[in-house]
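User: I am new to this model and would like to go through it residue by residue. Please show it first, and then I will ask.

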Amino acid sequence: MKMNKPKYKNTKVQVDDIKFDSKKEAERYVELLTLQKTGIISNLKIHPKFTLLEKFTDMDGIKERAITYSPD
């Protein structure tokens, strides 16, 4: 079985039972967590999902699913 190499040579990392796609992303999470614990920032959300367009039924009766975006 052929193993695919990551496109950007990143290494997946797990911190606090949260999986991140790269070491840099995990390091940034730790930085932001520290800022939240010291009260500099609040309401930190990990991998939030934003709905760009709600699901709908078009004029022909075809159901279209919602379009979402989840940033790193």
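User: In which strand is lysine 19 found?

Analyst: This is a predicted model, in which local features need pLDDT of at least 70, side-chain atom pairs count only at pLDDT 80 or more, and totals for chains, interfaces and linings use all residues. Residues are numbered from 1 along each chain as its sequence is written, and side-chain values use heavy atoms, with hydrogens and water left out. Strands (E, at least two residues) and helices (H or I, at least four) are DSSP runs, numbered from the N terminus. Residues 18-20 form the strand that holds lysine 19, namely S2.

User: Is lysine 19 buried or exposed?

Analyst: Buried means under 20% relative accessible area, exposed over 50%, and partly exposed in between, with a 1.4 Å probe and protein chains only. Lysine 19 has a relative accessible area of 64%, so it is exposed.

User: What separates the C-alpha atoms of lysine 19 and phenylalanine 56?

Analyst: Along the chain, lysine 19 and phenylalanine 56 are 37 residues apart.

User: Is aspartate 17 buried or exposed?

Analyst: Aspartate 17 lies in the loop between strand S1 (13-15) and S2. Its relative accessibility is 72%, so aspartate 17 counts as exposed.

User: How many aromatic pairs does a search of the whole structure find?

Analyst: Rings of Phe, Tyr and Trp (its six-membered ring) pair if their centres lie within 6.5 Å. With that rule, the search of the whole structure finds one.

User: Why is the pair of phenylalanine 20 and tyrosine 29 described as it is?

Analyst: Planes under 30 degrees apart count as stacked, over 60 as edge-to-face and the rest as tilted. Phenylalanine 20 is buried, and tyrosine 29 is buried too. The ring centres of phenylalanine 20 and tyrosine 29 are 5.1 Å apart and the planes are at 35 degrees, so the pair is tilted.

User: Which residues of H1 are buried?

Analyst: H1 has 15 residues and spans 21 Å from its first C-alpha to its last, close to the 21 Å expected at 1.5 Å a residue. The expected span is 1.5 Å times one less than the number of residues. The buried residues of H1 are Glu25, Ala26, Tyr29 and Leu33.

User: What is the phi of asparagine 43?

Analyst: Most residues other than glycine have a negative phi. Asparagine 43 is in the loop between H1 and S3, and is exposed at a relative accessible area of 59%. Its phi is positive, with a value near 60 degrees.

User: What is the phi of histidine 47?

Analyst: Histidine 47 is also found in the loop between H1 and S3. Histidine 47 is partly exposed, with a relative accessible area of 34%. Although histidine 47 is not a glycine, its phi is positive, at about 50 degrees.

User: Which helix gives the most to the lining of the largest pocket?

Analyst: The lining has 13 residues, with Leu32, Lys45, Ile46, His47 and Asp72 nearest the centre of the pocket. On a 1 Å grid over the protein atoms alone, a pocket is an open set of points where a 1.4 Å probe fits, with protein on both sides within 12 Å along at least five of seven lines, and lining residues have an atom within 4 Å of a point. The helix that gives the most, with four residues, is H1.
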